[in-house]
Amino acid sequence: MTDFLNEYSMHDRTCGQLRAADAGASVVLCGWAWHTRDHGGLIFIDLRDREGYTQVVVDPDCVSAEDFAKAEHLGREYVLKVAGTVRTRAAEAVNPDMPTGEIEVLASAIEVLNTSVTPPFSIEDGIETDETTRMKWRYMDLRRPEMYASIKLRHIVAQAMRSALNERGFIEVETPILANSTPEGARDYLVPSRPNPGRFYALPQSPQQFKQMLMVGGIERYYQIARCFRDEDLRADRQPEFTQVDIEMSFVEETDVMDMMEGVFKEVLAAAGVEHAFPLTRMPWKEAMDRFGCDRPDVRFGMELVDLTDIVAGCGFGVFSKAVEAGGVVKCINAKGAGDWSRGEIEKLAKVASDNGAKGMAWIAYTADGKEKSPIIKFLGDEVHAAIKEAAGVEPGDLLLFAADSFDIASAVLSALRLHMADALGIDREGHALLWVVDFPMFKFDEDEKKYAAEHHPFTMIPREDWDKIETDPLACGSYSYDIVMDGFEMGGGSIRIHDAELQKRVLARCGVDDEDMERKFGHLIHALELGAPPHGGIALGLDRLVMLLAGKQSIRDVIAFPKTSSAADPMTGAPSAVSGRQLKDVSLRLL
């Protein structure tokens, strides 16, 4: 690629390309002046482009007086074109930390292509500048090597994904950005239609329905690197606009999709320089919830949940026994190495528990010298306490943290505590771990809306043996669904889709969609299913999240060229911004 970079360009070498073997070559470089140093009549310039750095030496005996004067007055980030000759550095001047550290370029001519005002922050890795400032001056942030590396990795991953899918007979198809509103869990972004006053488009949360209709259209294998939009609360791994690799296949069962995708993942990871064993583990949803308390488990470390429900049923500690009587569970995790924490340090963990729905948090600490500390031991009784220790594999230096509540809340509490304690104890989570989580339930009960909702989405196929439970016992319905999990993040999710129109109507009705809304929001899909829809299924992968994990970043904002802040704003352009009264009038809107 480097050679191609030098074609049709002002430069014939890049700043990261030159090596000792190039000594004696005449070259032309272009880039930014990173650092400039005046050493007793010689001026040294660290010239930077996207490929790296080259040290340029400006000797007054080798350049014109005009060019030497230019070098004397360079500012940071001045844009330069430098002609010169490559030479090896003296042994004591070699920089082993730079790929170009064995050479330097003795300048023969310097051209200032543009000047720069003082940059808002230093253009180098590891800066402590706050994120909002970096985003306000994002084009400057992108000059930093680590940011360029992230954007380049994103390109490599996307191209590897395209290549792998192309080889497997997939066709890339673009689906509409302006569509009708069919909420899939989050709020839609709405766009008013000027030619149709009072009517709105919605930006797609995913191309889900369009890709299903492509299967009805006989495309058979489709993919798209699609821009999607969701008006939801943000966090480190969410953005209002994001990119997903959207995939759909006809005439498949769920194992076909997963097997095919493992081949794709193997190629994509190899392109990113990551090795991983295949085939991947396929963990049932119930097992993931039982062992890790969540359906996106980070399996790179232990500290798994221990079910104590049967052990503590009827015990003297009322919090435990009442939770069991109410149909809940009692579970714990064993945080090995935290047994000597102070009582104050342990009780601060109650905040993590309460943030995830707990009313409190019980604990027992076993110090390294064999002592036991806890406000609850005296209520348990020796027999129950001994059984708990055996079940949890207690050793000196351990700390047990308990949750006693409904299955959902206890799982959420201990899952959060498990991750928190892994961070607090510095547990190694190097490398990457991928697995499938499969066999999700079809429905869940939405306590806020007081109705049933789809665990994934309402287009997911239900095993035939569960069809008769849709109306009578929806929570007992399984589904042909699967998530790909990486390092504790859901990296993608998919399912076999419903291809029977009547079954689709039943599922939508169970989710509270009445006949009028069904026709208005989903009629196009249902009518398509009535016209010979093949069995089909697919998956959608979060490209931003995948690259974030491969790059070792903590936020997807670090792998997106122009991201939004946590308040969905763009400090660089000022979006979202006010619009004029005329613009509102054009689309038949007025502000309240």
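Modeller: Helices here are DSSP runs of H or I with at least four residues, strands are E runs with at least two, and both are numbered from the N terminus. The model is a predicted one. With that numbering, Pro-576 sits in the loop between helix 18 (543–551) and helix 19 (581–586).

Colleague: How many helices and strands does the protein chain have?

Modeller: The protein chain has 19 helices and 22 strands. Its C-alpha trace spans about 90 × 75 × 55 Å along the principal axes. Of its 592 residues, 47% are buried.

Colleague: Which domains does the assignment give?

Modeller: Domain 1 covers 20–114, domain 2 covers 130–275 + 538–569, and domain 3 covers 301–428. Between the C-alpha centres of domain 2 and domain 3 there are 39 Å.

Colleague: Where do nonpolar side chains tend to be in soluble globular proteins?

Modeller: They tend to be buried together. In this model the largest nonpolar core has 55 residues, and those touching the most other members are Leu-165, Ile-247, Met-261, Trp-436, Ile-484 and Leu-541. Helix 7 (residues 254–271) gives the largest share of this core, eight residues. A second, separate core has 26 residues, including Phe-301, Met-303, Leu-349 and Ala-422.

Colleague: Which residues does Trp-436 touch, not counting those up to four places away in sequence?

Modeller: Among them are Met-258, Met-261, Glu-262 and Phe-265, along with Leu-280, Arg-282, Tyr-482, Ile-484 and Ile-539.

Colleague: What describes two packed helices?

Modeller: The angle between their axes and the distance between the axes. Helix 5 (residues 145–167) packs against helix 7 at about 145°, with the axes 9 Å apart. Their crossing is right-handed. On the helix 5 side the residues are Ile-156, Val-157, Ala-160, Met-161, Ala-164, Leu-165 and Glu-167, and in helix 7 they meet Met-260, Val-264, Glu-267, Val-268 and Ala-271. By class, 10 residues of this contact are nonpolar, two are charged and none is polar.

Colleague: Which peptide bonds are cis?

Modeller: The bond from Phe-278 to Pro-279 is cis, with omega near 5°. Pro-279 is in the loop between helix 7 and strand 11 (281–284). Ala-575 and Pro-576 are also joined by a cis peptide bond, with omega about -5°.

Colleague: What about positive phi values in residues other than glycine?

Modeller: Glu-77 has phi near 70° and lies in the loop between helix 2 and strand 4 (79–88). Lys-450 has phi of about 55° and lies in the loop between strand 18 (443–446) and strand 19 (451–454).

Colleague: Why is Glu-77 called buried and Lys-450 exposed?

Modeller: Exposed means over 50% relative accessible area, and buried means under 20%. Glu-77 is at 2%, so it is buried, while Lys-450 is at 57% and therefore exposed.

Colleague: How far apart are Asp-61 and Gly-337 in sequence and in space?

Modeller: They are 276 residues apart in sequence, and their C-alpha atoms are 66 Å apart. Asp-61 belongs to the loop between strand 3 (52–58) and helix 2 (65–72), and at 72% relative accessibility Asp-61 is exposed.

Terms used:
Residues are numbered from 1 along each chain as its sequence is written. This is a predicted model: local features need pLDDT of at least 70, side-chain atom pairs count only at pLDDT 80 or more; totals for chains, interfaces and linings use all residues. Side-chain values use heavy atoms; hydrogens and water are left out. A nonpolar core is a set of buried Ala, Val, Leu, Ile, Met, Phe, Trp, Tyr and Cys residues joined through side-chain atoms within 4.5 Å. Buried means under 20% relative accessible area, exposed over 50%, partly exposed in between (1.4 Å probe, protein chains only). Contact means heavy atoms within 4.5 Å. Axes are lines fitted to C-alpha atoms, for helices over the stretch in contact, and angles run from 0 to 180 degrees between N-to-C directions. A crossing is left-handed if the near helix is turned anticlockwise from the far one by less than a right angle, and right-handed if clockwise. Ala, Val, Leu, Ile, Met, Phe, Trp, Tyr, Cys and Pro count as nonpolar, Asp, Glu, Lys and Arg as charged, and the others, Gly among them, as polar. Domain bounds come from an automatic or database domain assignment.
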